[in-house]
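Dear colleague,

Please find the structure below, handed over for your own reading. The findings follow after it.

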Amino acid sequence: MDEAARVADADDVPEGETLLFTVRDEEGELAEAFCTRLADGTVVAYRNYCQHWTDVRLDKGDGARVTNGEVWCQKHGATFQLDTGYCDFGPCEGSVMEEVDVTVADGGVYVDDEEYTFEQLGPSGVDRGDGGDSRIDFTGN
C-alpha cells in the first residue's frame with residue numbers, strides 16, 4: 001500500500017467513536033472525513049457532513065456522537081447507521097452518507113478511493129462558514 005495514503009494504524013481506529021481526517025478531492029479541494037471500527041472489526045469511512053445541511057459537521061474535531069452503531073447529527077438529531085451510512089431518523093431520513101473507500105492492510109488504514117487522496121489526520125482547517133448554498137431542504141432540494 002502507498003504510505004502517503006495511510007490514515008492511521010488500524011489499532012488506532014476506535015469502535016464506538018470516530019477518527020477525523022482530511023482528504024483532497026479530484027478538484028484539489030480539501031474535505032473532511034471520519035473513520036470508525038464496526039462491532040465486527042470492519043473499518044468504514046464517510047465524509048464528515050450531515051446529509052440534511054452539508055455545512056454541518058458530524059465530527060467537530062473531538063469525535064462524533066456514536067451510539068448503538070449509529071452516528072448522530074447533533075444539530076438535527078438525525079441518525080446514520082455506520083455499517084451502511086443510511087439515515088434512519090431525522091429530517092434527511094432515507095438519505096445515505098457519502099462513503100470514502102478505505103482498506104485495512106499491513107496494520108494500517110489507507111484511503112483507497114479514486115475520488116480522494118489522504119491529506120492529513122485531523123480537521124481540514126477550512127472555515128465552512130454558514131454554508132449558504134450547501135443547505136438542503138426537507139424534500140432533498
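Is Glu-32 buried or exposed? Glu-32 is buried, because its relative accessible area is 6%, where buried means under 20% relative accessible area, exposed over 50% and partly exposed in between, with a 1.4 Å probe and protein chains only.

Before the remaining findings, a note on the basis. This is a predicted model, in which local features need pLDDT of at least 70 and side-chain atom pairs count only at pLDDT 80 or more, while totals for chains, interfaces and linings use all residues. Residues are numbered from 1 along each chain as its sequence is written, and side-chain values use heavy atoms, with hydrogens and water left out.

Confidence

The protein chain has an average pLDDT of 91, and 90% of the residues score at least 70; pLDDT is the predictor's confidence in each residue, from 0 to 100. For residues 130–134 the pLDDT is below 50, and this stretch has 6 contacts in the model beyond near neighbours in sequence, a contact being heavy atoms within 4.5 Å. Residues 136–141 also have a pLDDT below 50, with 8 contacts beyond near neighbours in sequence.

Salt bridges

A search of the whole structure gives 5 salt bridges, each defined as a side-chain nitrogen of Lys or Arg within 4 Å of a carboxyl oxygen of Asp or Glu. Side chains of opposite charge can pair when their charged atoms come close.

Glu-32 is in one of these: its side chain meets that of Arg-57 in a salt bridge of 2.8 Å, N to O. Glu-32 lies in strand E3 (residues 30–37) and Arg-57 in the loop between strand E4 (43–47) and strand E5 (66–67), so the pair ties together parts that are 25 residues apart in sequence. Strands (E, at least two residues) and helices (H or I, at least four) are DSSP runs, numbered from the N terminus. Arg-57 is partly exposed, with a relative accessible area of 21%.

Arg-24 and Glu-119 form another salt bridge, with their closest N and O atoms 3.1 Å apart. This pair links distant parts of the chain, since Arg-24 belongs to strand E2 and Glu-119 to strand E11 (residues 116–121), 95 residues apart. Arg-24 is partly exposed at 29% relative accessible area, and Glu-119 is partly exposed at 34%.

In the salt bridge between Arg-6 and Glu-3, the closest N and O atoms are 3.9 Å apart.

Aromatic pairs

The count of aromatic pairs comes to 2. Rings of Phe, Tyr and Trp (its six-membered ring) pair if their centres lie within 6.5 Å; planes under 30 degrees apart count as stacked, over 60 as edge-to-face and the rest as tilted.

Phe-21 and Phe-118 form a tilted pair, 6.2 Å centre to centre with 45° between the planes. Phe-21 is in strand E2 and Phe-118 in strand E11, so this pair links distant parts of the chain, 97 residues apart. Phe-21 is buried at 0% relative accessible area, and Phe-118 is buried at 17%.

The rings of Phe-34 and Tyr-46 have their centres 6.2 Å apart and their planes at 50°, so this pair is tilted as well. Phe-34 is in strand E3 and Tyr-46 in strand E4, 12 residues apart. Phe-34 is buried, with a relative accessible area of 0%, and Tyr-46 is buried at 1%.

Cysteines

The structure holds 0 disulfides, a disulfide being a pair of cysteine sulfur atoms within 2.5 Å. For Cys-35, the closest cysteine sulfur is in Cys-50, 20 Å away and too far for a bond. Cys-35 is buried at 1% relative accessibility. The sulfur of Cys-92 is 3.6 Å from that of Cys-87, its closest cysteine sulfur, which is also too far for a bond. Cys-92 is buried at 8% relative accessibility.

Val-13 sits in the loop between strand E1 (6–9) and strand E2 (19–25), and is buried at 3% relative accessible area. Not counting residues up to four places away in sequence, Val-13 touches Leu-19, Cys-35, Thr-36, Arg-37, Val-43 and Val-109.

Val-109 is the bridge partner, in E10, of Val-104. Strand E9 (residues 102–105) and strand E10 (residues 108–111) run antiparallel and are joined by 4 bridges; two strands pair if DSSP finds at least two bridges between them. E9 and E10 form a hairpin with 2 residues between them, and Asp-106 in the turn has a positive phi of about 50°.

With kind regards
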